[in-house]
Amino acid sequence: MQTTTLLFIFGAALVALLLALFQYHFKTKRKGTLAKTLAFLRFLSLFGLLVLLINPKFSKNEYRLEKTNLVVLTDNSTSVATSQQRIGDLIDQLNRNEAVADRFDLSNYQFGTELAEQQDSLSFTDQNTNIARALSSTKEIYNNTSTVAVLLTDGNQTLGNDYGFLGSSLKFPVLPIVIGDTTRYEDLRIDQVNVNRYAFLKNKFPVELFVTYEGRSGTTAQLTISVDGTTQYRETLSFTDGDGTQTVNALLDAQTVGVKAISVQLQPLDNERNTVNNQKRMAVEVIDEKTNVAIISSIVHPDIGALIKAIESNEQRSVSVNKPTTSTNVLDEVDIFILYQPDASFKAVFDYIRQKRGSSFIIGGNKTDWRFFNSVQPQVRVEDGYPNQEISPILNPSFSKFDISKVSTVDFPPLESDAGAIVASGDADILISMMIRGRDINTPLLIAKEEPEGKKLFLFGENLWKWRVQSFRNDRNFENFDLLIGKLMLYLSDNESKKRLNLEYKRIYDGSGDSKITATYFDGAFVFDANATMVLRVKERENGFTKEIPMLLQNGFYEADLLGIPAGTYDFTVSVEEENRSSSGSFTILDFDVEQQFLSSDYQKLQQLANSTGGVLYFPSEMDSLIAQLTTTNEFAPTQKSSKNVVSLIDFRILMALIVAFLALEWFIRKYNGLI
């Protein structure tokens, strides 16, 4: 307590005493015990009141010992499975060391594709390694705290950014322990194969390969590319000690429709230890048609570029941009028409689409002639004469014409439009509705209609390009926006009527690690049914392997995970158990494990990481040295921290109660003795 506060308290006592004596000694003729008692009570009440005003406080320093966080990150991928026993021994040695426990708050994590808390035992089944994400996640978890990370891995990363350059962004030292064989063997490997998911019948499709040789002497090897077992490309590659990388570009023929298995084989060296990385398999789906999309516009707008990028993200679609005056010979080749901000110059285009019974996507905005729009089509009426305003999107989860379970409009910026009240006739399904100034006005922003003359989509706002930019901001990619546009194009190109059971799956999966099939099911009123029992049944075509997988309810869809299903080509059926309703398809799981492509550990990259973060690289035999560094280095020593806690000397509630009690007692005594 400060000296000033003590002086205030002393002064308060003196003032209270003087006032009490003035009232009961100088101002009254009564003397004796009664006057002294009343004076004492008055002194106490006045003193308490003055102390309440002064509110004396005192401070207390509290001390605590803050330990450094020791985070043990363990690689749980299949590439280190052969070192399972050694990794377990290293982790136990760290966890059971008393000196380490006294000095650190120790936490154990495992990582493959993602970082997760370590379970009782490591499985070593992850088929991908993302060291960069594990370190970045550790940084987020232990931000602004004293931390040191011990990294147990072979250093071979299959996903993510280059972790060797993370040192400038990490705020803690990393101490890698190299797992696996560090010996460099002579090796030939196929690093990467790039191939499109789709090819078109009677056309050629490209295959790009990156091949690497590691060794001290030159060598030659024959590269062979086969499609469904038939060799279509062969080349002899030459490598030297100074030039160990080759890029191969091959063009293959798409001769028949269907999923084609592509096999790339690289002739192994005579004494090569790892021949798994000398071959790769992938697949391409050959299709016999391509959807031609025409964007017709009389103005230049960034929305057109965003639509082109989103639509052509699927190789099955091509986009052309045309003026409303384009000849009918050009329009004859179009499958889907996108009419951007139509005005009176679009009259001939609307007439052509009506005669062709074509599918169209009409996008309106500030440059749209709404009177013309109302005159050329009867399905939707829009009032004009309204001011330009911002319109935020609200996704309708009950939309039933196609699956939107993976689509999100979260954080999407508002569009701009001068459209007024909108009235849609007939069977119109709202995909996105309008929100203006934070209020849902129950007006459609994007609607779908099925008419005898073709399917129609109507969007009443411009600046779609902002949605694509926001999609990248949210997810660091454009997939969400491109998925939405892709589903709109698929809806317009599909001539089938809407179905109650819809499936979403890939025809080709690179292994079963991240292979899933999703389904949406609607009841008779086309409302999503969250109480259905969905079952996936798969059957391998060659060996007859079968499996039944229940589909689990997720956020607006059902999902089945194909993890653990062996490689092969499968036919499958998704059934709704309560009803006689099902849908079928087929897919191929490729026999591929990228983790098996590595024979030696990448200790050079781990050394680079250690140097850039201020850490030290260790090998399993140097575990005692690592523990010694942890337990003796002052950098990792616990830190004593203090906090100053300032509290009131007296609880004001108790003091108020005492003041009231003293005044009440004084009043009662005065009244009892007839002094009032």
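Against which strands and helices do the buried residues of H6 pack? The model examined here is predicted; local features were considered at pLDDT of at least 70 and side-chain atom pairs only at pLDDT 80 or more, whereas totals for chains, interfaces and linings use all residues. Residues are numbered from 1 along each chain as its sequence is written, and side-chain values rest on heavy atoms, with hydrogens and water left out.

Helix H6 spans residues 302-311, and its buried residues are Asp303, Ile304, Ala306, Leu307, Ala310 and Ile311. Buried denotes under 20% relative accessible area, exposed over 50%, and partly exposed the range in between (1.4 Å probe, protein chains only). These residues lie on the same side of H6 because they cover an arc of only 165° around the axis, the arc being that of the directions from the helix axis to the C-beta atoms. The packing partners of this buried set are strands S15 (291-297), S16 (317-322), S17 (336-340) and S18 (359-364), together with helices H10 (464-475) and H11 (479-493). Contact is defined as heavy atoms within 4.5 Å.

In the protein as a whole, 14 helices and 35 strands were assigned; helices (H or I, at least four residues) and strands (E, at least two) are DSSP runs numbered from the N terminus. The radius of gyration is 38 Å, while a compact globule of 676 residues would have a value near 26 Å; the radius is taken over C-alpha atoms, and the globule rule is 2.2 Å times the number of residues to the power 0.38. Along the principal axes, the C-alpha atoms fill a box of roughly 125 × 80 × 50 Å. Of the 676 residues, 45% are buried. Among contacts between residues at least 6 apart in sequence, 73% join residues at least 24 apart.

Helix H13 (residues 623-632) contains glutamine 629. The buried residues of H13 are Met623, Leu626, Ile627, Gln629 and Leu630. Viewed down the helix axis, they fall within an arc of 160° and so line one face of H13. The face turned away from this buried side carries the exposed residues Asp624 and Thr632. Cover for the buried residues of H13 includes strand S2 (68-75), helix H3 (84-95), helix H4 (98-103), strand S3 (104-111), S5 and strand S6 (174-178). Glutamine 629 counts as buried at 17% relative accessibility. Neighbours within four places in sequence aside, glutamine 629 is in contact with Leu175, Val616, Tyr618 and Phe636.

Aspartate 593 is located in the loop between strand S34 (581-589) and helix H12 (603-613). At 18% relative accessibility, aspartate 593 is classed as buried. With residues up to four places away in sequence not counted, aspartate 593 touches Thr78 and Gln127. The C-alpha atoms of aspartate 593 and asparagine 277 are separated by 9.8 Å, although these residues are 316 residues apart along the chain.

Most residues other than glycine have a negative phi. Asparagine 144, however, has a positive phi of about 65° and is placed in the loop between helix H5 (131-141) and strand S5 (147-153). This asparagine 144 is exposed, at 76% relative accessibility. Arginine 357 likewise has a positive phi, near 60°, and lies in the loop between helix H8 (347-356) and S18. Arginine 357 is exposed at 54% relative accessibility.
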